[in-house]
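Hello,

Here is the structure I promised to pass on to you. My notes on what turned up in it follow below.

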Amino acid sequence: MPQADLDAIRDAVVLHGRQQTQGSDAQPIACALYEQGELIAGAWGRSEFQRLYVQYLWVRDDRRGQGLGGDCLRRLEAQALSRGCVDALIETLSDDSAELYEHLGYACIAHVHDFVPGFTRHTLMKVWKPRE
């Protein structure tokens with residue numbers, strides 16, 4: 001199937017979902033860390049319905065374990081807070097990443113064991129302010 005058709009299906013599903021809800025204010029959100037002009041870490045997602053949805057958080061292999069992932073996540077959170085977000089949602093298949101997110105204040109709200117053979121899907125949430 002051509003990529004354009006795949007994109008059209010995805011866009012139609014998203015549009016349909018947003019038409020079913022009220023108040024969608026989806027905006028992309030991202031941050032990146034560079035060293036000597038080279039990308040070493042970054043994160044991106046969207047803010048919508050007063051929630052930060054983190055879709056990707058990445059640190060270059062040789063720079064992992066130095067706190068850069070946490071730095072990126074905190075920068076993304078700061079942007080989300082300035083947009084009025086009250087909570088954040090992130091998912092991972094990595095047990096180590098799930099532990100990191102818990103250390104950064106996220107709570108696991110769901111597990112799907114063997115989501116991919118041998119891996120658990122962790123869904124975590126961080127609440128800054130209870131929803132009204």
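Aspartate 114 lies in strand E5 (residues 107-116); strands here are DSSP runs of E with at least two residues, helices are runs of H or I with at least four, and both are numbered from the N terminus. The phi of aspartate 114 is near 55 degrees, a positive value in a residue other than glycine. Most residues other than glycine have a negative phi. At 54% relative accessibility, aspartate 114 counts as exposed, where exposed means over 50% relative accessible area, buried means under 20%, and partly exposed is in between (1.4 Å probe, protein chains only).

Glutamine 50 also has a positive phi without being a glycine, with a value near 60 degrees. You will find glutamine 50 in the loop between E2 and E3, and at 44% relative accessibility it counts as partly exposed.

Before you read on, please keep in mind that this is a predicted model: local features need pLDDT of at least 70, side-chain atom pairs count only at pLDDT 80 or more, and totals for chains, interfaces and linings use all residues. Residues are numbered from 1 along each chain as its sequence is written, and side-chain values use heavy atoms, with hydrogens and water left out.

Now the overall picture. The protein chain has 3 helices and 6 strands, and along the sequence they follow the pattern α-β-β-β-α-β-α-β-β. The C-alpha trace spans about 45 × 40 × 40 Å along its principal axes. Of the 132 residues in the chain, 32% count as buried.

Next, the aromatic side chains. The count comes to 2 aromatic pairs; rings of Phe, Tyr and Trp (its six-membered ring) pair if their centres lie within 6.5 Å, with planes under 30 degrees apart called stacked, over 60 edge-to-face and the rest tilted. One of the pairs, tryptophan 44 with tyrosine 56, is tilted, at 5.0 Å centre to centre and 40 degrees between the planes. Tryptophan 44 lies in strand E2 (residues 38-48) and tyrosine 56 in strand E3, so this pair ties together parts that are 12 residues apart in sequence.

What about the cysteines? The count of disulfides is 0, a disulfide being a pair of cysteine sulfur atoms within 2.5 Å. For cysteine 85, the nearest cysteine sulfur is that of cysteine 31, 14 Å away. Cysteine 85 is buried at 6% relative accessibility, whereas cysteine 108 is partly exposed at 27%.

The largest pocket holds about 750 Å³ of space. Its 28 lining residues include Leu57, Trp58, Thr92, Ser97 and Tyr101, the closest to its centre. A pocket here is an open set of points on a 1 Å grid over the protein atoms alone, where a 1.4 Å probe fits, with protein on both sides within 12 Å along at least five of seven lines; lining residues have an atom within 4 Å of a point. The volume is the space filled by probe spheres set on the points, which are joined across faces, edges and corners.

Strand E3 (51-59), helix H2 (68-82), strand E4 (87-92) and helix H3 (95-103) each give two or more residues to that lining, and E3 gives the largest share, 7 residues. By class, the lining has 13 nonpolar, 9 polar and 6 charged residues. In this scheme Ala, Val, Leu, Ile, Met, Phe, Trp, Tyr, Cys and Pro are nonpolar, Asp, Glu, Lys and Arg are charged, and the others, Gly among them, are polar.

Leucine 89, in strand E4, is buried with a relative accessible area of 18%. Leucine 89 and valine 127 are 38 residues apart in sequence and 9.0 Å apart in space, C-alpha to C-alpha. Glutamate 38, in strand E2, is 20 residues from arginine 18 in sequence and 37 Å from it in space, again C-alpha to C-alpha.

Best wishes
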